[in-house]
Amino acid sequence: MADKTDALLTDYYSGVIDTKILLRRSELQWQPNDDNAGIKSLNKHTRPLEDMLARYEADSILHELTKQRDAIKRLETTFSEETKQIVQMHYDRRERLSWVIISLRMNLSERTCRTYQKTFKDSVAQTFNELDIAV
């Protein structure tokens with residue numbers, strides 16, 4: 001049964017999180033920012049780049065998505081290349097590989113591949129709990 005950690009890892013490896021980040025940034029970039037609608041200020045300075053960066057920093061949705069992506073990237077570096085490949089093949093829904101195909105490609109038993117995936121998933125869940133990142 002798939003849980004929230006599985007869904008998050010599927011989104012990460014399928015490229016959904018990166019797409020959500022790009023969409024959120026474009027939403028924030030094109031959001032109208034009229035603080036004083038109808039009032040003209042003579043001394044107002046226009047700093048569109050600084051205003052846009054401030055919106056990025058203040059947005060909680062964008063911040064949470066970025067934290068999720070970065071935490072998984074950092075955690076990935078602590079595992080072996082073999083484990084990274086197994087996890088990537090399992091969670092990437094663009095290819096939809098079964099455990100049999102994954103085990104044949106990696107030249108390992110199906111049980112070993114599942115063990116590597118479970119270890120990685122548990123590590124992600126534990127890290128997210130410790131860092132208080134929403135899943």
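Modeller: Contact here means heavy atoms within 4.5 Å. The model is predicted.

Biologist: With which residues is Ser103 in contact, leaving aside its neighbours within four places in sequence?

Modeller: Ser103 is in contact with Leu108, Ser109, Glu110 and Cys113. Ser103 itself is found in helix 6, residues 99-106.

Biologist: Why does Ser103 count as buried?

Modeller: Buried means under 20% relative accessible area. Ser103 has 9% relative accessibility, so Ser103 counts as buried.

Biologist: How much of the protein is buried?

Modeller: Buried residues make up 36% of the 135 residues.

Biologist: What is the secondary structure of the protein?

Modeller: It comes to 7 helices and 0 strands. From the N terminus on, the order is α-α-α-α-α-α-α.

Biologist: What makes a set of residues a nonpolar core?

Modeller: The residues must be buried, of types such as Leu, Ile or Phe, and joined through side-chain atoms within 4.5 Å. The largest such core here has 21 residues. Leu9, Tyr13, Ile72, Phe120, Val124 and Phe128 touch the most other members.

Biologist: Which elements give two or more residues to this core?

Modeller: They are helix 1 (4-14), helix 2 (16-29), helix 3 (48-58), helix 4 (60-76), helix 5 (81-91) and helix 7 (110-131). Helix 4 gives the most, with 5 residues.

Biologist: What is Phe120 in contact with, leaving aside its neighbours within four places in sequence?

Modeller: Phe120 is in contact with Leu9, Tyr13, Glu76, Phe79, Thr83 and Val87. There is also a second, separate core of 7 residues. Its members include Ile86, Trp99, Ile102 and Met106.

Biologist: Which residues make the contact of helix 2 with helix 3?

Modeller: Helix 2 brings Arg25, Leu28 and Gln29. Helix 3 brings Met52, Arg55 and Tyr56.

Biologist: What share of contacts between residues at least 6 apart in sequence joins residues at least 24 apart?

Modeller: In this protein, 73% of them do.

Technical notes. Residues numbered from 1 in each chain as written. Predicted model: local features only at pLDDT ≥ 70, side-chain atom pairs only at ≥ 80, totals over all residues. Heavy atoms only, no water. Buried < 20%, exposed > 50% of the residue type's maximum accessible area, 1.4 Å probe, protein only. Helix = DSSP H or I, 4+ residues; strand = E, 2+ residues; numbered from the N terminus.
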